Amino acid sequence: MAYPSQVKIIDVGPRDGLQNEKQPVPAAIKVELVHRLQDAGLKEIEVTSFVSPKWVPQMADNAEVMAGIQRKPGVRYSVLTPNMKGYEAAVRSKPDEIVVFGAASEAFSQKNINCSIEESIERFRPVAAAAKAAGIAVRGAISCAVGCPYEGEIAPERVALVARLMKDIGVEHVGVADTIGVGTPVKVQRALDAALQHYSVDQVSGHFHDTYGMALANTLVSLEMGIWHFDTSSAGLGGCPYAKGATGNVATEDVVYLLHGMGIETGIDLDKLIDAGKFISDFLVRKPHSRAANALLTKRAEG
C-alpha cells in the first residue's frame, strides 16, 4: 500500500475545539495556544470564527486573538466566516485563509440556517469572490458528510452536490467532515469519493470526530485513498452539541502518533505538541482527550 509520504495537519483546536466550551477562555490563553502549536511545527492553524457573539460567545474576542498572534513565516492562519458581514470583520485581521461551510444534510441546513443546501452555499458566493480579490485563500467545510443528527445517514450524492456547489462559487479546497462522528471506514470512503468527483486529491481533507472511536480508522482509510490533508484538534478539544458525551474532534496528538509510526512526515514535534495540548487542558481543568498524549505524559512522569 502506497501511503502519502507527507501529511499536512490543520489544527482546528483554537476555533472548532474551543467554540463549545462553556467557561470563557481569555484571548491571552487562545493566543498562547496558537503560539505553542506553531512552535510545535503546525503550519496550518484555524484560529477563530467571525460569527455573531450572540450565537458563539466564546469567539467574541476574534479580532483581539488575531491581533495578539506573533505570526511565523510559513504558517497559514485561517478563520471561519459565516457571511459577508463576518468576512468584512475578518478581513481587517488579515487572515491567510477564510473558511466557509455547508451541510450535506437538507434537514441540518434548514434547522441551523433556515435555508436549503443550495441557498446556503449561494450566500457564500460574494464572500469567496471578495476573498479571492483580496488574495485570501478560500477553504470549504462540508459538515454532516456521513451522518446527521436529524436525518441519520447521508447519501454520498449529497456530498457530491455540496462539493460541486462549492467548486462553482470558487472554493479552492474542501474538508469532508464527519460532524457527529458516526462514520466508519466504508462510509467515509464513499463520502470522500463523492468530493473527489469535483476536487483533486490535493484539494480534499478529512475532518473526523471520534464520538464512536472511529476517527483513526477513518484517517487510515483516507490515507489509503491518497488523502494527505486532515483537520485535527490539539488535546481532542471540542465536543459535538448534537451527540451527548462526544469527545469531538480527533486529537492532533493521536493522528501525529499514527502518522509518525507509519513513517509519514508531518514536520510536527510530538513532544511540543503534547505540551501545547496539556497547556490548554490544564486551563480547562481536565486531562487531554488524547490517548497518545496521556500515555506519553504518564511515561514522562514515571521516567
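Asp202 sits in the loop between helix H9 (185–195) and strand E9 (204–208), in a model that is predicted. With a relative accessible area of 43%, Asp202 counts as partly exposed, because that category covers values between the 20% limit for buried residues and the 50% limit for exposed ones.

Which residues does Asp202 touch, if those up to four places away in sequence are not counted? They are His173, Trp228 and His229. For His229, which stands 27 residues from Asp202 along the chain, the separation of the two C-alpha atoms is 7.7 Å.

## The chain as a whole

The chain contains 13 helices and ten strands. Its radius of gyration is 18 Å, close to the 19 Å that the globule rule gives for 303 residues, so the chain is as compact as a globular protein of that length. Taken along the principal axes, the box filled by the C-alpha atoms of the chain is roughly 55 × 45 × 35 Å.

Among the contacts in the chain with a separation of 6 or more, 73% are made by residues 24 or more positions apart.

## Charges and salt bridges

Side chains of opposite charge can pair when their charged atoms come close. Here the count comes to 18 salt bridges.

One of these joins the side chains of Lys8 and Glu44, with a distance of 3.7 Å from N to O. Since Lys8 lies in strand E1 (residues 8–11) and Glu44 in strand E2 (residues 44–49), this pair ties together parts that are 36 residues apart in sequence. Is Glu44 buried or exposed? Glu44 counts as buried, at 8% relative accessibility, whereas Lys8 counts as partly exposed, at 31%.

Glu44 also forms a salt bridge with Arg76, in which the closest N and O atoms are 3.9 Å apart. Because Arg76 lies in strand E3 (residues 76–80) and Glu44 in strand E2, the pair ties together parts that are 32 residues apart in sequence. Arg76, at 32% relative accessibility, counts as partly exposed.

## A helix pair and a network

Another salt bridge is formed by Arg125 and Asp168, whose closest N and O atoms are 2.7 Å apart. This pair links distant parts of the chain, since Arg125 belongs to helix H7 (residues 125–133) and Asp168 to helix H8 (residues 156–169), 43 residues apart. Arg125 is partly exposed, with a relative accessible area of 30%.

Salt bridges that share partners join eight residues into one network: Lys8, Arg15, Asp16, Glu44, Glu46, Arg76, Glu97 and Arg139.

## Helix H11

Helix H11 spans residues 252–261, and its buried residues are Thr252, Glu253, Asp254, Val255, Val256 and Leu259. An α-helix has 3.6 residues a turn, so residues three or four places apart point the same way.

What covers the buried residues of H11? The cover includes E1, helix H10 (215–224), strand E10 (229–232), helix H12 (270–283) and helix H13 (291–302). H11 is followed by Gly263, whose phi is positive, near 75 degrees.

## Two residues with positive phi

Most residues other than glycine have a negative phi. Asn114 has a positive phi, near 55 degrees, although it is not a glycine. Asn114 lies in the loop between helix H5 (106–113) and helix H6 (117–122), and at 63% relative accessibility it counts as exposed.

Cys144, which is likewise a residue other than glycine, has a positive phi near 50 degrees. Cys144 is found in the loop between strand E5 (137–143) and strand E6 (147–148). With a relative accessible area of 0%, Cys144 is buried, while Asn114 is exposed.

Definitions and conventions
Residues are numbered from 1 along each chain as its sequence is written. This is a predicted model: local features need pLDDT of at least 70, side-chain atom pairs count only at pLDDT 80 or more; totals for chains, interfaces and linings use all residues. Side-chain values use heavy atoms; hydrogens and water are left out. A salt bridge is a side-chain nitrogen of Lys or Arg within 4 Å of a carboxyl oxygen of Asp or Glu. Helices (H or I, at least four residues) and strands (E, at least two) are DSSP runs, numbered from the N terminus. Buried means under 20% relative accessible area, exposed over 50%, partly exposed in between (1.4 Å probe, protein chains only). The radius of gyration is taken over C-alpha atoms; the globule rule is 2.2 Å times the number of residues to the power 0.38. Contact means heavy atoms within 4.5 Å.
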